[in-house]
Amino acid sequence: MLAMDYRGPKRVRAVQKPMPEIKHPQDAIVRVTRTCICGSDLHLYNGNVPDTRVGTTFGHEFVGVVEEVGPEVTKVKVGDHVIVPFNIACGECHFCKQGMFGNCQESNTMASAVGSIYGYSHTAGGFDGGQAEYARVPYANVGPTIIPPGMDHDDAVLLTDVVPTGYQAAEMAGIQTGDTVVVFGAGPIGIMAARCAWLFGAGRVIIIDQEDYRLEFARNYSYCEAYNFNEMNDPVVFIKKITDFMGADVCIDAVGAEAAGNAMQTITGRKLLLQAGSATALHWAINSVKKGGVVSIVGVYGPTDNLVPIGNVLNKGLTIRGNQTSVKRLLPRLIEHVQNGTLNPKGLITHRLPLEEVADGYRMFSAKLDNCIKTVMIPPSAKM
Amino acid sequence: MENKTIDPKQIKGWGVDADPKNDPTYPMRHRMNVTEDPDSKARPTLQPEDTELLQSIERPNVSAVFGTTSPPVGLSGMIRRFAFKYSENRYRHWLPLIVADRVNVVEGIVEDLAHGKLPNIWAEKGYDMEWKYNRTAFVTKMATIAAVTAGVVVLLTQKDKPSRRKLNYRFPPNR
């Protein structure tokens, strides 16, 4: 089968690989019909996530058709069209029972802090991902969710990560009616977080980024104010000024380890890997939020340390919430939102490529070429 | 000093200000602590172990399912095995893994060559897209890299000449 193949930092290609096999009685094999490149895939692509092995197939955003099931699979059958949440979760452990499907205890042998994620390094379980024609899907009774009749696979594939993560960013922020919400990062997740902030009753939503085309997109898609931090002397002072020097009620870090905007963070976090990525957005979020406010983190960082003003977290009485998204917990509500037209996930898609052009897709998304917001790849065997 | 097991309910004031609504945690379906979970130790069916797995020492066991892609091999595999002797709390775990990743890249190129395949770096890096959409900046970047590389090479190849002159000055030939 054709699959993406990681060869080293900023080097990927499409190659023929062996078909995945049933390894566990609750496994399924899914024929992939749509697969995306996620912003967090860029951390892998840039070589910033420890234990990212050459030969791995990335891809944690994919949907497809069930082709084969193990003997203990009862919830899906061959031929079902399924959304595959990016987390691999058993559904039975102490954490899954609480709805923390992103923190499963029974899917990742190689690390204890993070659950397992398709195609996201051995630190996140060592599973091959869905940027391929076929993928092994463990715990098929738990994760895969039937795509409702009539739902476009372009919408469905964004329910594997982008929509739930943007929604959870707003949910974790504990937004109260009328709150001012600042979202750092106008990538797909940040744009969706800004859109979802309204669902929780925000009174004002502001998005901060450095790419004008993304800010323009966010203005239209998320109905929010959008500002370019390169046009400010200091983004924190800017936010203080536009909030009567109180600070935002809520700040959302939707950037993570690849953040720009602070040379010291960029050099130590992204170039020298002395930090677990550049924590510029988180730094700004902590300093921009009001006293007693909430910082919600969905931007992904590596497993070591980051330089952030933790003293200000104490002095300002902040609440910080973060987690890998519990996609399965959120899917029922989000499917409703898509079906009734409240959310329009596929409106984020700007580029469609065949899987054979995976290297071009990564470069385009990484370098933000051709006004790229979201890239969807279509494997050659994705006959609907 | 020995720690004693006590019943917290015997402590004066235990739980009098407990407020379940004061919950700053991540949103959960049903929040509970381990003692409220009757089968917190229950496990799914286990995947047969048919490949080398590196296990975090912060875990009690191999997870019920696990990925089987790219098991540790070669020099990078040796470094990874060393890293997994230490917990995720230690730089001795993460820094060797980053080193192993870089070694693994070289191993990947050697593997390609051993199979008679010359890696197409231009295509793997997606430079066609830079050429198509970002040509001026791309050419400038490449020219800068080439100029800096050439400068370094020139600097290194001329390194001996000044030192020889210096040597001659300090130790002039016999006259």
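What percentage of the 175 residues of chain B count as buried? The answer is 17%, where buried means that 20 or more other C-beta atoms, placed from the backbone, lie within 10 Å of a residue's own.

This is a predicted model, in which local features need pLDDT of at least 70 and side-chain atom pairs count only at pLDDT 80 or more, while totals for chains, interfaces and linings use all residues. Residues are numbered from 1 along each chain as its sequence is written, and chains are lettered from A and ligands numbered from 1 in the order in which they are written.

**View 1. Chain B and its helices.** Chain B has six helices and zero strands; helices are DSSP runs of H or I with at least four residues, strands are runs of E with at least two, and both are numbered from the N terminus. Read from the N terminus, that gives α-α-α-α-α-α.

View 2. Along its principal axes, the C-alpha trace of chain B spans about 100 × 50 × 40 Å. Its radius of gyration is 30 Å, whereas a compact globule of 175 residues would come in near 16 Å. That radius is taken over C-alpha atoms, and the globule rule is 2.2 Å times the number of residues to the power 0.38.

**View 3. Where chain A meets chain B.** Here 57 residues from chain A and 52 residues from chain B take part in the contact; two residues touch if their C-beta atoms, placed from the backbone, lie within 7 Å. On the chain A side, helix 11 gives the most, with five residues.

Terms used. Buried ≥ 20, exposed ≤ 12 C-beta atoms within 10 Å, placed from the backbone.
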